Amino acid sequence: MSIRSQNPTAAKARKTRDENTKAKDLLIKYARDPNHAALFNYASAAHNNHFFFETLTPDPTPIPNLLLSHIDSSFSSLASLRSHFIATADSMFGPGYVWLVKRTQAAINESMKLSILATYNAGSPYPGAHFRQQPVDMNTAATGVTADMSPTGYARMMRGEEGTNPMDDRLRVYGKGYGTGNPNAPPSQEAPYSGTAGSFGAYSATTQNLNLHPESRRAPGGAMIEVLLGVSTWEHVWLRDWGITGKRKFLEAWWEKIDWEKVLARSGFRAGGKR
């Protein structure tokens, strides 16, 4: 699913490199870029909503035995999962989504692959959207901001006016390659420090691995997961039909309309396999 809009201004902006990019790819691409927070919000909300509707069916389907066995291992029973899932969604204070997710990397307890995850507003359950990247290593790069700088001076520096940023002197000495960490820059342009030190630098093993496998990007301590099922707790989903006190009734009715075959297909579980 790609994002489309009837807004004339948005229509003019369609001719971009992201014109045909899927919503999921957009949200992961821009989740770590604070300058495109609005784009992330729209993409993530569109994807989350689409994901929610994809697992609905007018004709309830019995839960496959393979999926049921994994639910039993993680939650002790389907009834227990239902109880915890609905309670989590019902207790959310504000709009968001509740997800059933599967851990994809080795876990401490292999029998507990499935778990429940809640996100608020347009928050995304995907690991690649859980943290923002700071493009400059503040330990190794000068910003030009000083303790005695006046607000006017700071504003002039942010506008890039000549002579207002101490970095200008370094650029004149080392060339435009200063601070880029460009290994191919001529020696005269190399900086005394590049701003790429540490395990999250542009040339670190961590970053190189993420460039090759962007789907594995996650926040420190985060878990690699696959999303199997989701329900929206946004008020516009249930308030009109179920009333101000009807959120739980909506969730109970939603549970009866889950397409469990779709959930199984997303899980990747195979008979006799560990996935």
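Contact here means heavy atoms within 4.5 Å of each other. Keep that in mind. The model is predicted.

Let's start with two helices. Helix H4 covers residues 65-75, and helix H5 covers residues 78-91. Which residues meet between H4 and H5? From H4 come Leu 68, Ile 71, Asp 72 and Phe 75. From H5 come Leu 78, Ser 80 and Leu 81.

Now the geometry. Two packed helices are described by the angle between their axes and the distance between the axes. For H4 and H5, the angle is about 65°. Their axes lie 8 Å apart. Angles of 65 to 115 degrees count as roughly perpendicular, and H4 and H5 are therefore roughly perpendicular to each other. What is the hand of the crossing as H4 passes H5? The crossing is left-handed.

Next, the aromatic rings. How many aromatic pairs does the structure hold? Seven. Take Phe 52 and Phe 53: their ring centres are 5.0 Å apart, with the planes at 50°, so this pair is tilted. Is Phe 52 buried or exposed? Phe 52 has a relative accessible area of 3%. Buried means under 20%, so Phe 52 is buried.

There is also an aromatic cluster. One cluster is formed by Phe 85, Trp 254, Trp 255 and Trp 260.

Last topic: charges over rings. Look at Arg 266. Its charged end sits over the ring of Phe 51, 3.5 Å from the ring's centre. Then find Lys 102. The charged end of Lys 102 sits over the ring of Phe 269, 5.0 Å from the centre of that ring.

Terms used. Residues are numbered from 1 along each chain as its sequence is written. This is a predicted model: local features need pLDDT of at least 70, side-chain atom pairs count only at pLDDT 80 or more; totals for chains, interfaces and linings use all residues. Side-chain values use heavy atoms; hydrogens and water are left out. Rings of Phe, Tyr and Trp (its six-membered ring) pair if their centres lie within 6.5 Å; planes under 30 degrees apart count as stacked, over 60 as edge-to-face and the rest as tilted. Buried means under 20% relative accessible area, exposed over 50%, partly exposed in between (1.4 Å probe, protein chains only). A charge sits over a ring if NZ of Lys or CZ of Arg is within 6 Å of the ring centre and within 35 degrees of the ring normal. Axes are lines fitted to C-alpha atoms, for helices over the stretch in contact, and angles run from 0 to 180 degrees between N-to-C directions. Helices (H or I, at least four residues) and strands (E, at least two) are DSSP runs, numbered from the N terminus. Angles under 35 degrees count as roughly parallel, over 145 as roughly antiparallel, 65 to 115 as roughly perpendicular and the rest as oblique. A crossing is left-handed if the near helix is turned anticlockwise from the far one by less than a right angle, and right-handed if clockwise.
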